[in-house]
Amino acid sequence: MLQVEPAVQAPVISWKKKIVFALISWLFLMFFLACLGEIFLRVLPMGKFRSSPFRQYDPNIGVALIPNRKVQHNKGCFQGLVETNSFGMRDRYRTLAKPPGEFRIAMLGDSVVEGVHVQPDEVMNIQLEKILRAKGYNAEVLNFGVEGIGTTQELLMYQEKVRQFHPDLVLLTFTSNDIMNNSSVIQPEVYGIQTWYAPYYDLGSDGSLVFRPVQKRWLNGPRTWFENHSVLLYYLERIWFSIDYAPTKWDGIPVFYGSYGNPLSPDWSKAWQVTDKVMGLTKNTVEGDGAKFMVLTWADFWEVDPDWRPRLEKQIGKKLPAEFDPPSARQRLQDIFVKNGITYDFLTSYMQNYRDEHHLQWPHFSYTCNPHYSALGHAVAAQGIFEKLQEHGMLPPLAGSQAQATTVH
């Protein structure tokens with residue numbers, strides 16, 4: 001008679017081990033999908049959007065360009081090529097030492113100056129440099145533009161990077177969102193759920209500037225490595241930053257537009273005061289190093305587009321409040337320049353005249369899919385800057401002009 005051996009029972013797996021096995025399985029699956037996504041983004045064509053990392057977290061300025069990068073940067077209606085040099089500048093090769101007899105201009109600004117939406121030879125600093133040399137000036141124009149920085153960060157940029165190049169002229173360019181960038185209260189409200197790393201100056205109880213350094217980033221080392229090397233992570237971050245959720249409003253519209261308010265809210269009033277003081281500090285710092293200092297303000301949307309009001313109301317889905325008064329913001333800015341004894345000008349009239357003479361239609365100097373300057377915008381801006389520099393005596397005398405003036409007298 002055959003004996004039936006008792007069935008061997010499978011070992012009972014505890015619930016703790018099941019959780020561990022499940023976690024390991026999910027981690028393996030996520031790792032596999034991440035590798036697959038990374039390969040997919042690097043190998044397959046992506047249609048109208050193609051880019052990869054070229055900016056990084058900076059513990060002093062908040063954001064900086066990654067040195068020695070060459071990145072195709074396409075999105076919708078523009079095709080840009082981002083090339084950075086060894087100093088982390090959106091620029092061609094430069095030497096730290098200034099060549100003998102050369103007049104060196106340093107351009108400070110945000111994404112308008114950075115110009116990642118156009119080709120390298122179309123960026124305004126390169127075009128301005130070509131104009132200057134064609135006119136007989138032995139000059140070079142260095143590009144220190146970085147997306148999203150304001151006056152405070154531009155001051156730090158000058159102190160930490162620009163001054164070592166010993167520029168003869170520092171040209172600080174100003175955009176309307178710089179007021180927001182200078183506020184430790186308003187900028188976080190504008191970005192909403194996203195974190196934007198930046199240093200700030202706050203106002204002390206006595207009205208003096210109190211410095212607030214860049215917020216330290218958790219696990220910055222490994223995060224920076226992955227951000228600099230992973231195309232997948234770059235795309236995921238772009239998607240995250242495209243989510244526009246900022247609950248704070250100004251008179252029912254996005255808080256960003258509070259800079260144009262008249263009267264100003266208390267927070268916006270402080271932001272303007274900080275801008276005033278930081279602008280004066282920047283001017284004194286630059287001139288203390290023996291360089292000239294000038295501020296050039298870009299033409300704002302309401303100055304370029306005759307149909308700006310209905311277009312803006314359609315964009316935000318609301319009627320603009322009565323307190324929305326863009327000309328008052330322009331007057332406040334002019335008052336800051338005059339108060340601090342700053343040489344300044346606005347590019348508005350030059351851009352308007354060009355628009356009218358060439359019968360430009362919307363979007364004028366920008367893209368249909370993006371508000372930044374197109375190649376035409378950079379070219380027109382470069383010519384306008386050259387004329388403003390001449391008008392304000394910011395350029396050195398041309399070779400032979402001094403000798404000619406001596407002969408006449």
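Predicted model: local features only at pLDDT ≥ 70, side-chain atom pairs only at ≥ 80, totals over all residues.
Colleague: Where does His-166 lie?

Modeller: You'll find His-166 in the loop between helix 4 (151-160) and strand 8 (169-174). Residues are numbered from 1 along each chain as its sequence is written, and side-chain values use heavy atoms, with hydrogens and water left out.

Colleague: What makes His-166 exposed rather than buried?

Modeller: Buried means under 20% relative accessible area, exposed means over 50%, and partly exposed is in between (1.4 Å probe, protein chains only). His-166 has 53%, so it counts as exposed.

Colleague: And what is there to say about the phi of His-166?

Modeller: Phi of His-166 is near 50°, which is positive although the residue is not glycine. Most residues other than glycine have a negative phi, and most peptide bonds are trans. Asn-68 also has a positive phi, near 55°. Asn-68 sits in the loop between strand 3 (62-65) and strand 4, and its relative accessible area of 55% makes it exposed.

Colleague: Which peptide bonds are cis, one ending at Pro-263 and one at Pro-363?

Modeller: The bond joining Asn-262 and Pro-263 is cis, with omega about 10°, and Pro-263 is in the loop between strand 12 (253-254) and helix 9. The bond from Trp-362 to Pro-363 is cis too, with omega near 10°; Pro-363 belongs to the loop between helix 13 and helix 14.

Colleague: How do you know that Cys-77 and Cys-369 form a disulfide?

Modeller: The rule asks for a pair of cysteine sulfur atoms within 2.5 Å. In Cys-77 and Cys-369 the sulfur atoms are 2.2 Å apart, and the pair qualifies. The structure holds one disulfide.

Colleague: Why is that disulfide called left-handed?

Modeller: The torsion about its S-S bond is about -90°, and that is why the Cys-77 and Cys-369 pair gets the name.

Colleague: Which parts does the pair tie together?

Modeller: Cys-77 is in the loop between strand 4 (70-75) and strand 5 (78-83), and Cys-369 is in the loop between helix 13 and helix 14, so the tied parts are 292 residues apart in sequence. Cys-77, at 30% relative accessible area, is partly exposed, and Cys-369, at 41%, is partly exposed as well.

Colleague: Why are helix 1 and helix 8 called roughly perpendicular?

Modeller: Helix 1 (residues 15-43) and helix 8 (residues 231-242) pack at an angle of about 90°, with axes 8 Å apart. The axes are lines fitted to C-alpha atoms, for helices over the stretch in contact, and angles run from 0 to 180 degrees between N-to-C directions. Under 35 degrees is roughly parallel, over 145 roughly antiparallel, 65 to 115 roughly perpendicular, and the rest oblique. The two helices are therefore roughly perpendicular.

Colleague: Which residues make the contact between helix 1 and helix 8?

Modeller: Helix 1 brings Ala-34, Glu-38, Leu-41 and Arg-42, and helix 8 brings Val-231, Leu-232 and Tyr-235. Contact means heavy atoms within 4.5 Å.

Colleague: How do you know that Lys-283 is buried?

Modeller: Lys-283, in helix 9 (residues 266-288), has 13% relative accessibility, so it counts as buried. Leaving aside neighbours within four places in sequence, Lys-283 touches Phe-293, Asn-340, Gly-341 and Ile-342.

Colleague: What about the buried residues of helix 13?

Modeller: In helix 13 (residues 348-357), Thr-348, Tyr-350, Met-351 and Arg-355 are buried. Their cover includes helix 10 (301-304), helix 12 (326-339), strand 14 (343-346) and helix 14 (375-391).

How values were computed: Helix = DSSP H or I, 4+ residues; strand = E, 2+ residues; numbered from the N terminus.
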